[in-house]
Amino acid sequence: MTNLTRRSFNKQMLGTLMAYGLIETLFARDLFADAVKPIITQWMKDLSDLTKDVKDGKIKDLDFQAKLEALYKRVDLPELLRLLDMDRVAKSVRLPEHGVASRGIDLGKVEGLPKQLHFGKQIFCMKKGRSVVPHGHDNMCTGFIVLRGDFEGKHYDRVEDNKDHYLIRPTIDRLFKPGECSTVSDRKDNVHWFKAVTETGFIFNIHVMGYNRDNPRSPGRVYVDPEGEKVKGGLIVAKKITSQEAHKKYG
Ligand SMILES: [Fe+2]
């Protein structure tokens with residue numbers, strides 16, 4: 001790809017992510033080559049290969065989730081923070097009153113990394129008590145790893161997808177500390193909700209969109225209210241709500 005077409009490709013990609021509300025600002029990593037160690041560039045390459053495999057249908061989503069969690073668990077967290085220029089992000093980001101700021105990260109100039117990574121990525125940044133509000137995902141695999149701060153993290157399986165609500169089953173409900181992770185797919189832990197319990201909180205998120213050939217829906221988020229009616233079998237009626245409603249109640 002020439003520089004020009006790569007630039008227009010990146011611009012288009014960014015436009016798509018903005019349209020989904022996944023990225024608000026793009027943060028270009030400006031880097032001295034010697035600041036990044038080979039171990040973290042290799043880790044990013046492994047992550048890119050893994051995301052390509054699930055996107056290409058070479059591995060199933062449940063395997064992807066297990067492998068992504070294993071990969072997250074062996075990351076050198078201080079090196080990841082350095083690669084993402086976490087100090088600069090924390091200093092420059094404006095934390096919103098509700099919800100999160102999502103900082104896109106352009107790693108295209110980092111020496112040793114492939115020019116094109118096969119996953120979308122961002123850092124969610126928030127104040128204490130603010131949340132990545134509850135939402136499910138259509139046709140997406142995603143993964144969180146906590147960079148800084150502690151979070152109350154909850155996941156739910158999407159058991160049924162109805163016109164105006166999901167039926168969900170709680171699967172994870174615990175404290176997440178830096179370096180801890182969780183993942184999402186159409187089949188497992190599809191709905192998540194993360195609330196910062198320290199002064200500030202930062203999460204690195206990666207996503208693969210449109211991985212599931214059996215799901216005719218376009219990739220995207222579906223906001224739901226997990227504090228709905230409890231019905232038999234430990235299930236909860238989680239109404240589909242708008243982003244505004246989700247942010248008003250949980251942001
Ligand atoms: Fe999500």
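His137 stands opposite Arg221 in strand E11, and this pair belongs to the antiparallel pairing of E4 with E11, which comprises 4 bridges. The model is a predicted one, in which local features need pLDDT of at least 70 and side-chain atom pairs count only at pLDDT 80 or more, whereas totals for chains, interfaces and linings use all residues. Residues are numbered from 1 along each chain as its sequence is written. Helices (H or I, at least four residues) and strands (E, at least two) are DSSP runs numbered from the N terminus, and two strands pair if DSSP finds at least two bridges between them.

**Strand E4 and its partners**

- Strand E4 covers residues 131-138 and is mostly covered, with 7 of its 8 residues buried; a residue is buried if 20 or more other C-beta atoms lie within 10 Å of its own, exposed if 12 or fewer, and partly exposed in between, with the C-beta atoms placed from the backbone.
- E4 is also joined to E9 by 3 bridges, and these two strands run antiparallel; within this pairing, the bridge partner of Val132 in E9 is Phe194.
- Trp193 lies in strand E9, which spans residues 191-196, and counts as buried because it has 20 C-beta neighbours inside 10 Å.
- The C-alpha atoms of Trp193 and Val132 are separated by 5.7 Å, although the two residues are 61 apart along the chain.
- When neighbours within four places in sequence are left aside, Trp193 is in contact with Ser131, Val132, Val133, Pro134, Lys154, Pro226 and Tyr250, where contact requires that the C-beta atoms of two residues, placed from the backbone, lie within 7 Å.

**Strand E13 and its partners**

- Strand E7 (residues 165-176) pairs with strand E13 (residues 235-240) in the antiparallel sense over 4 bridges, and Ile168 stands opposite Ile236 in E13.
- E11, which spans residues 220-225, is joined to E13 by 2 bridges, and the two strands run antiparallel; here Val224 stands opposite Lys240 in E13.
- Strand E12 (residues 230-231) also pairs with E13 in the antiparallel sense, over 2 bridges, and Val231 stands opposite Leu235 in E13.
- The hairpin of E12 and E13 has 3 residues between the strands, and in this hairpin Gly233 takes a positive phi near 80°.
- Arg174 is found in strand E7 and counts as exposed because it has 12 C-beta neighbours inside 10 Å; its C-alpha atom is separated by 9.4 Å from that of His155, a residue 19 places away along the chain.

- Helix H3 has 13 residues (61-73), which at 1.5 Å a residue should span 18 Å, and its end C-alpha atoms are 18 Å apart, which agrees; the expected span is 1.5 Å times one less than the number of residues.
- The buried residues of H3 are Asp61, Phe64, Gln65, Leu68 and Tyr72. They cover an arc of only 100° around the axis, which puts them on the same side of H3, the arc being that of the directions from the helix axis to the C-beta atoms.
- What covers these buried residues includes helix H2 (38-55), strand E5 (140-148) and strand E8 (181-184), while the face of H3 turned away from its buried side carries the exposed residues Leu62, Ala70 and Lys73.
- Ser243 lies in helix H6 (residues 243-250) and counts as partly exposed because it has 14 C-beta neighbours inside 10 Å; the C-alpha atoms of Ser243 and Val222, 21 residues apart along the chain, are separated by 8.4 Å.

**Core and whole chain**

- The largest nonpolar core has 54 residues, of which Ile123, Leu147 and Ile203 touch the most other members; such a core is a set of buried Ala, Val, Leu, Ile, Met, Phe, Trp, Tyr and Cys residues joined through C-beta atoms within 7 Å.
- In soluble globular proteins, nonpolar side chains tend to be buried together.
- With neighbours within four places in sequence left aside, Ile123 is in contact with Leu84, Val89, Arg103, Ile105, Leu147, Phe202, Ile203 and Phe204.
- The secondary structure of the chain comes to 6 helices and 13 strands, and buried residues make up 38% of its 251 residues.
- Among contacts between residues at least 6 apart in sequence, 77% join residues at least 24 apart.
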